[in-house]
Amino acid sequence: MRKTTFNSVSMKPYPGLPEMLKEYHVYTQDSGHSLCAIPLSLLEDARAEPWQFEVPIPVKYVLEKGYTFFCDYIVVDVPYDEELGVVVDEKYEEYEAPAAASEFIVTSVGEKIPPVLMGFDEGAHLLVDGSGSLILLIMYSRPTENEIMDMSSKNRFEYACLMRNGVLVFLAKPGKQEWMEAYYKPPFGAPAQLATTITDGFGLSLSLLLVDKATGILKIQRMIGLDQAFSAKFVELARESDKMIDTPEKWLSATGQMQSRYTTHDMVVLADARGQIHANG
């Protein structure tokens, strides 16, 4: 198999995909069903180390426009921008409904996470499981001991949320780490997964999972109870987001606009609600 920077082949099958293309198939939250390929405009630069130039290109685009091979790598004539990446019409992007709760079952610390979770890029991602609880999936490549310790219950955990134009972002600061942003993804017309009401005296549950992106190994898991006032506000904003953003295309466009307008620091300052969990010694 070719050398690649992508760590796992998609576990979400793509009907009718030619056998020779299956090893290139990935599914990510940002690009949906895609094939790892080298844009034709980058081929000359890619000849020495082609694996460094692979990017996800929508499957539908590749099958429609055609492709060639360079060594063991797919080459596609596709518009490519150094800042934006692959630029194609949204009609080529294909997404699936949010994963079922069973797909988010995570094994013990020190073991590999389910393959479906390996499709997430490096960074922080907010998921909702079948019980209506939140999962903060943090993907770091080769996390250091200090980074792992920052995620543990021995360190403070600060959190906040902000919504603008239907885009709801969860902000987190574990220990001494910088603030990170993770975006709530509406169900796009499917039944809501997030808890719809907050019981008096209780808040949302959050599972923090730190995963080594390079190996798929779960490095630390921390269970956090968000406070009641924050949880009520977050659920309220999530319901608004569900109504305002009903397609993956709208969500990607609105999220991109929010990221270009606000820095993470801006979002923390402007937060609609916030809270913190103190260290446990």
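Which residues are buried in H5? In H5, these are Pro248, Trp251, Ala254, Thr255 and Met258, where buried means under 20% relative accessible area, exposed over 50% and partly exposed in between (1.4 Å probe, protein chains only). The model is predicted: local features need pLDDT of at least 70, side-chain atom pairs count only at pLDDT 80 or more, and totals for chains, interfaces and linings use all residues. Residues are numbered from 1 along each chain as its sequence is written, and side-chain values use heavy atoms, with hydrogens and water left out.

**Helix H5**

- Helix H5 covers residues 248-261, 14 residues in total; helices (H or I, at least four residues) and strands (E, at least two) are DSSP runs numbered from the N terminus.
- From first C-alpha to last, H5 reaches 20 Å, close to the 20 Å expected at 1.5 Å a residue; the expected span is 1.5 Å times one less than the number of residues.
- In H5, Pro248, Trp251, Ala254, Thr255 and Met258 are buried.
- They cover an arc of only 135° around the axis, which puts them on the same side of H5; the arc is that of the directions from the helix axis to the C-beta atoms.
- Gln257, Ser260 and Arg261, on the other side of H5, are exposed.

**Open sheet**

- An open sheet of four strands has the order E8-E9-E13-E14, with mixed pairing; two strands pair if DSSP finds at least two bridges between them.
- Strand E8 (123-128) and strand E14 (217-225) are the edge strands, each pairing on one side only.
- E13 (residues 205-212) and E14 run antiparallel and are joined by eight bridges.
- Serine 205 stands opposite glycine 225 in E14.
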